[in-house]
Amino acid sequence: MTRDTHDEARELIALDEDLSDAQQIRLQAHLQECAPCRDYAESADGVVRALRSLPVAADSRLVRATQMRVRFHASRLRETRERMWLVGFACMGVGLSAPLTVPLLWRLFAWMGEWAGVSTLIWQVSFMVFFIAPALVVSVLLLARGTHLTKHEEGSRP
């Protein structure tokens with residue numbers, strides 16, 4: 001057997017429970033032929049058994065700190081979920097009101113354009129700016145706020 005086969009066998013030994021049937025058959029065949037790899041497998045099994053036999057107890061401060069972080073994270077998730085409901089309702093409100101208000105605003109801008117005596121192109125461009133500007137402003141504000149929150153959260157992480 002080559003050194004590569006031994007390295008592969010050691011990697012398979014390390015994966016122990018996550019092996020496919022073909023990998024287990026190949027490993028068992030190699031272990032029957034190779035005494036050093038068999039010794040390595042027995043040693044690894046002994047270490048795993050020894051580690052599993054050790055009791056693990058968490059310090060009460062660690063438990064409290066972990067509980068506090070889990071509660072904090074749960075409250076953040078709850079706040080995010082509530083915000084997403086508000087965003088959903090806002091989107092639904094815009095989606096339902098837009099078909100009603102856009103034609104009215106279009107007629108208003110056409111009337112104002114005729115009253116002011118400006119060309120059709122001018123009042124149509126004005127309408128588009130009036131129609132798109134609020135969404136652009138809100139988008140910029142949300143992006144700026146998101147960037148601020150990301151920087152703030154990175155600085156506050158332990």
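**Entry 1**

I began with glutamate 8 and arginine 26, whose side chains meet in a salt bridge at 3.1 Å, N to O. Glutamate 8 sits in helix α1 (residues 3-15) and arginine 26 in helix α2 (residues 21-33), so the pair ties together parts 18 residues apart in sequence. I took a salt bridge to be a side-chain nitrogen of Lys or Arg within 4 Å of a carboxyl oxygen of Asp or Glu. Side chains of opposite charge can pair when their charged atoms come close.

I then looked up accessibility, where buried means under 20% relative accessible area, exposed over 50%, and partly exposed in between (1.4 Å probe, protein chains only). Glutamate 8 is partly exposed at 35%, and arginine 26 is partly exposed at 44%.

**Entry 2: what I am looking at**

This is a predicted model, in which local features need pLDDT of at least 70 and side-chain atom pairs count only at pLDDT 80 or more, while totals for chains, interfaces and linings use all residues. Residues are numbered from 1 along each chain as its sequence is written, and side-chain values use heavy atoms, with hydrogens and water left out.

I found five helices and zero strands in the protein chain. From the N terminus on, the order is α-α-α-α-α. Helices (H or I, at least four residues) and strands (E, at least two) are DSSP runs, numbered from the N terminus. The protein chain has 158 residues, of which 10% count as buried. The chain exposes about 13300 Å², with carbon and sulfur atoms supplying 65% of it; the area comes from the Shrake-Rupley method with a 1.4 Å probe.

**Entry 3: the other salt bridges**

How many salt bridges are there by this rule? The count comes to four. One of them joins the side chains of aspartate 45 and arginine 49 at 2.9 Å, N to O. These two are four residues apart in helix α3 (residues 35-53), which separates them by about one helical turn. I noted aspartate 45 as partly exposed at 37% relative accessibility and arginine 49 as exposed at 53%.

Aspartate 59 forms a salt bridge with arginine 61, and their closest N and O atoms are 3.1 Å apart. Aspartate 59 is partly exposed, at 39%; arginine 61 is exposed, at 59%.

**Entry 4: the nonpolar core**

I looked for nonpolar cores, meaning sets of buried Ala, Val, Leu, Ile, Met, Phe, Trp, Tyr and Cys residues joined through side-chain atoms within 4.5 Å. The largest has nine residues: Ala9, Leu12, Ile13, Leu19, Leu27, Leu31, Cys34, Cys37 and Ala41. Helices α1, α2 and α3 each give two or more residues to this core. The largest share, three residues, comes from α1.

Which residues does cysteine 37 touch, leaving aside neighbours within four places in sequence? With contact meaning heavy atoms within 4.5 Å, I listed His6, Ala9, Ile13, His30 and Leu31 for cysteine 37. Cysteine 37 lies in helix α3 and is buried, at 0% relative accessibility. With its own neighbours within four places left aside, leucine 31 is in contact with Ile13, Cys37, Arg38 and Ala41.

**Entry 5: helix α4**

Helix α4 covers residues 60-116 and bends by about 45° at alanine 98, with proline 99 following within four residues. The bend is the angle between axes fitted to the seven residues ending at a residue and the seven starting there. The buried residues of α4 are Phe109, Ala110 and Gly113. Just after α4, glycine 117 takes a positive phi of about 75°.

**Entry 6: aromatic rings**

I counted rings of Phe, Tyr and Trp (its six-membered ring) as paired if their centres lie within 6.5 Å; planes under 30 degrees apart are stacked, over 60 edge-to-face, and the rest tilted. The whole structure holds seven aromatic pairs. Phenylalanine 109 and phenylalanine 127 form an edge-to-face pair, 5.5 Å centre to centre with 80° between the planes. This pair links distant parts of the chain, with phenylalanine 109 in helix α4 and phenylalanine 127 in helix α5 (residues 120-156), 18 residues apart. Phenylalanine 109 is buried at 12%, and phenylalanine 127 is buried at 4%.

Phenylalanine 127 also forms a stacked pair with phenylalanine 131, 5.7 Å centre to centre and 15° between the planes. Both lie in helix α5, four residues or about one turn apart. Phenylalanine 131 is partly exposed, at 39%. Ring pairs link Trp106, Phe109, Trp123, Phe127, Phe130 and Phe131 into a cluster.
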